[in-house]
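Student: I'd like to go through this model with you. Can we start with the terms and then get to the residues?

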Amino acid sequence: MIYGYDIEHNWLLYVAVFATAFAVTLLLTPWAKKVAVKVGAVDAPKDRGLHKKTMPRMGGLAMFIGFMTAMIVAAFVVEDFRSLEFAGFVVGGVIIAGLGVLDDIYHLRAYIKLVVQIAVALIVVFTGTQIEFIHWPVPEFLGNFSIPITVLWVVGIINAVNFVDGVDGLAAGVSSIAAIFLTILCIMTGSPLAVVFAITLAGSCLGFLPRNFSPAEIFMGDTGSTFLGYVLAVSSIMGVYKSYALLSVVIAGFALALPIMDTVYVTVCRILKRKNPMKADRGHFHHKLIDRGWSHRKTVITLYSGSILAGVVAVLIALEDGRALIIGGVSLLVIFSIIYVYRKRLSLRNTEENQQLGQGTDKKNP
């Protein structure tokens, strides 16, 4: 079992940073929309896209400012915030958000973004945040492998969240769900600094969601998606990997299951088709569902549900409650089976409707 309950948590601080991030993000999102339009950070309709009109795409700027404002509030209260580890986190966050702003305006090349992301991950590593142990399948001290594994995790999660940002409200909602479950896991492991990061991120995501949920007024862009991935990655290292709990790798992986699974699936499919794994296409989970006739809202809510279930499983694993884990696993399988069957029936119904439409057209045009 993960032990962290004997750590004294400042619950009032947690509420304060959440509320601060939520309120600042909510209030600044209309401003971010105006800035995006003014600097040309807009997303025009394209073949693989799902929107039909030009949209401002730098809403993540409001999320970043909301998050950092809450960090300033916390820095006056929590002693851990006056540390090299926190300084490295802030510097990395500023760089990754700045990179996102430039990408939203100028559409940077993928290799430039990758190089900067690796540099940011190294800043995190050399200021004291590393994955030093793994506990599955056997306990192991990583030693010299600690740095590359940490860099891979940070860069991977940054891009994973960026990949799922393809439907109104999906990235913000999934990230807020992941952040809430990471908050719970970090409370269990006894890491107040990580708790503040995770719950503040949840506040920023939820503050942005009202204007991003379908039909969206603004997109978060790379400014938001890469920053969300960065905070989730660092929070999980601080709060989960640094614990000495069994299966800590699996726990963090379940909390971030949807973006990880989507990224792995899309990357493998692109490689098998001999395509550039970094080149965008319509191979993501959300594209598949929408292409089968699902509405934007139904797709997003379904993927939200999957994220919640995965987060529940992560907590059950952390509690090491065998019976609860079995129940959660069976529930997960049942729900995904229902979704699968419903998707098949919907696909069959669409095929029959298309055939009937085609027959009707043939009769009218012999």
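Tutor: Terms it is. Buried means under 20% relative accessible area, exposed means over 50%, and partly exposed is in between (1.4 Å probe, protein chains only). Helices (H or I, at least four residues) and strands (E, at least two) are DSSP runs, numbered from the N terminus.

Student: How many residues of H5 are buried?

Tutor: 13 of its 18 residues are buried, so H5 is mostly covered.

Student: And what should H5 span?

Tutor: The expected span of a helix is 1.5 Å times one less than its number of residues. For H5 (residues 146-163) that gives 26 Å, and its end C-alpha atoms are 26 Å apart, which agrees.

Student: What ground rules apply here?

Tutor: This is a predicted model: local features need pLDDT of at least 70, side-chain atom pairs count only at pLDDT 80 or more, and totals for chains, interfaces and linings use all residues. Residues are numbered from 1 along each chain as its sequence is written, and side-chain values use heavy atoms, with hydrogens and water left out.

Student: What does the chain average in pLDDT?

Tutor: pLDDT is the predictor's confidence in each residue, from 0 to 100. The chain averages 79, and 72% of the residues score at least 70. Over residues 243-247 the pLDDT is below 50, yet this stretch has 13 contacts in the model beyond near neighbours in sequence. Contact here means heavy atoms within 4.5 Å.

Student: Which other stretch stays under 50?

Tutor: Residues 361-366. For those, the model has zero contacts beyond four places in sequence.

Student: Give me the overall makeup. How many helices and strands are there?

Tutor: The chain has 13 helices and four strands. Of its 366 residues, 50% are buried. Take contacts between residues at least 6 apart in sequence: 75% of them join residues at least 24 apart.

Student: Switching to charges. How many salt bridges does a search of the whole structure find?

Tutor: Six. A salt bridge is a side-chain nitrogen of Lys or Arg within 4 Å of a carboxyl oxygen of Asp or Glu.

Student: What is Asp43 paired with?

Tutor: Arg57, with the closest N and O atoms 3.9 Å apart. Asp43 lies in strand E1 (residues 42-43) and Arg57 in the loop between strand E2 (55-56) and helix H2 (60-75), so the pair ties together parts that are 14 residues apart in sequence.

Student: Which salt bridge does Asp104 form?

Tutor: Asp104 also pairs with Arg57, the closest N and O atoms being 2.8 Å apart. Asp104 sits in helix H3 (residues 84-106), so this pair ties together parts 47 residues apart in sequence. Both Asp104 and Arg57 are buried. Asp43 is buried too, at a relative accessible area of 11%.

Student: And Asp222?

Tutor: Asp222 forms a salt bridge with Lys113, with 3.5 Å between the closest N and O atoms. Asp222 is in helix H8 (residues 221-241) and Lys113 in helix H4, 109 residues apart, so distant parts of the chain are linked. Both residues are buried. Elsewhere, salt bridges that share partners join Lys33, Arg211 and Glu217 into one network.

Student: Now the nonpolar side. Where is Phe197, and is Phe197 buried or exposed?

Tutor: Phe197 is in helix H7 (residues 192-208). Phe197 is buried, with a relative accessible area of 0%.

Student: Which residues does Phe197 touch?

Tutor: Not counting residues up to four places away in sequence, Phe197 touches Phe67, Met71, Phe81, Phe86, Phe89, Val231, Ser235 and Met238. Phe67 and Met71 are among the buried residues of H2.

Student: How long is H2?

Tutor: H2 has 16 residues and reaches 22 Å from its first C-alpha to its last, close to the 22 Å expected.

Student: Last one. Which residues make the nonpolar surface patch?

Tutor: Leu114, Ile118, Leu122 and Phe126 make a patch of about 340 Å². Patches are made of residues with over 30% relative accessible area and no salt bridge: like charges are joined within 9 Å, nonpolar side chains (Val, Leu, Ile, Met, Phe, Trp, Tyr) within 5 Å. Leu114 lies in helix H4 (residues 110-126) and is partly exposed, at 35% relative accessible area.

Technical notes:
Accessible areas come from the Shrake-Rupley method with a 1.4 Å probe; for residues, only the protein chains shown count as cover.
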